[in-house]
Amino acid sequence: MSIRLRTLAVSLAVVGVLTGTVPVAQAAHQGGPPRCGGRGVDADARIRYRSDVVIKAPLSTVWKLQTDVERRPSWQPPVLTAERLDPGRLEKGSRFRWATPVPATPATTLGITSTVRELRHHDCILWSGPAVGEGLRIDEGVHLWTFRKVRGGVHVHTEETWAGAQVEADVPTATAALGAGLEAWLRDLKSTAGAGLMSRP
């Protein structure tokens with residue numbers, strides 16, 4: 001492995017440590033592969049992670065937090081900035097850009113441009129796009145969320161895949177970093193929605 005790829009592996013491992021406990025196993029999903037409007041994550045991707053949580057909150061609260069992308073920095077500490085790239089309600093075809101720091105030598109910020117591929121109100125959302133930082137690139141990340149009312153709250157399922165030569169150079173480390181990030185996201189979503197802390201104008 002080259003020096004650059006070793007540095008990348010260390011950076012991804014540190015991301016996993018900073019965002020939470022590095023996951024050992026992925027949560028199982030019952031039934032067939034989850035979809036949104038017939039579409040799901042990249043079936044051929046080598047890097048993938050999925051997880052589930054039940055949030056004791058109204059579906060409308062969970063949905064608003066997750067889809068009001070510009071307000072994510074107010075409840076997700078790892079998100080530095082977030083902006084919509086088009087006006088109006090979030091829908092299929094909408095784009096947004098957000099940034100998160102990545103510990104490396106030197107430190108860098110990962111800029112992520114996401115495009116909504118599918119969206120079903122109060123049901124599911126699928127977005128994808130590249131993530132680029134100085135010396136670090138994920139060619140394509142595909143992220144799926146589904147939401148279901150259940151007894152006691154809302155069942156949230158999430159899964160994401162990554163593709164790109166850099167991250168595929170060390171699949172276990174990249175998968176651990178991806179998983180840690182998703183678990184942290186779910187924890188933040190659960191604690192914010194469960195506390196009734198809606199983002200305010």
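Visitor: What relative accessible area does histidine 122 have?

Guide: Read the scale before the residue. Buried means under 20% relative accessible area, exposed means over 50%, and partly exposed lies in between (1.4 Å probe, protein chains only). Histidine 122 has 27%, so this residue is partly exposed. The model is predicted: local features need pLDDT of at least 70, side-chain atom pairs count only at pLDDT 80 or more, and totals for chains, interfaces and linings use all residues. Residues are numbered from 1 along each chain as its sequence is written, and side-chain values use heavy atoms, with hydrogens and water left out.

Visitor: Where does histidine 122 lie?

Guide: Histidine 122 sits in the loop between S4 and S5. Such labels come from DSSP runs, numbered from the N terminus: helices are H or I with at least four residues, strands are E with at least two.

Visitor: How many bridges join S1 to S7?

Guide: There are 9, and the two strands run antiparallel. For a residue pair to look at, take serine 51, which stands opposite threonine 158 in S7.

Visitor: At what angle do H2 and H4 pack?

Guide: The angle is about 130°, and the axes are 10 Å apart. H2 is therefore oblique to H4. The angle classes are roughly parallel under 35 degrees, roughly antiparallel over 145, roughly perpendicular from 65 to 115, and oblique for the rest. Contact means heavy atoms within 4.5 Å. H2 contributes Thr61, Val62, Leu65 and Gln66, and H4 contributes Trp185, Leu189, Thr192 and Ala193.

Visitor: How many residues of H2 are buried?

Guide: H2 is mostly covered, with 7 of its 9 residues buried. Those residues are Leu59, Thr61, Val62, Trp63, Leu65, Gln66 and Thr67. They pack against S1, S4, S5, S6, S7 and H4.

Visitor: How many salt bridges are there?

Guide: Side chains of opposite charge can pair when their charged atoms come close. The rule for a salt bridge is a side-chain nitrogen of Lys or Arg within 4 Å of a carboxyl oxygen of Asp or Glu. The count is 9. One of them joins arginine 39 and glutamate 118, at 3.7 Å from N to O. Arginine 39 is in the loop between helix H1 (3–19) and strand S1 (47–55), glutamate 118 is in strand S4 (residues 108–120), and 79 residues separate the two. Arginine 39 is partly exposed at 36%, whereas glutamate 118 is buried at 8%. A network of salt bridges links Arg39, Lys92 and Glu118.

Visitor: Which residue meets arginine 50 in a salt bridge?

Guide: The partner is glutamate 159, at 3.4 Å from N to O. Arginine 50 is in strand S1 and glutamate 159 in strand S7 (residues 153–163), so the pair ties together parts 109 residues apart in sequence. Glutamate 159 is buried at 4%, and arginine 50 is partly exposed at 23%.

Visitor: How far apart are the closest N and O atoms of arginine 84 and aspartate 86?

Guide: They are 2.8 Å apart, in another salt bridge. Arginine 84 counts as buried at 17%. Aspartate 86 counts as partly exposed at 23%.

Visitor: Last one. Which residues does arginine 120 touch?

Guide: Leave out residues up to four places away in sequence, and arginine 120 touches Cys36, Gly37 and Trp63. Arginine 120 lies in strand S4 and is partly exposed at 42%. Its C-alpha atom is 9.3 Å from that of threonine 146, 26 residues away along the chain.

Notes. Pairing = 2+ DSSP bridges. Axes fitted to C-alpha atoms, helices over the stretch in contact; angles between N-to-C directions.
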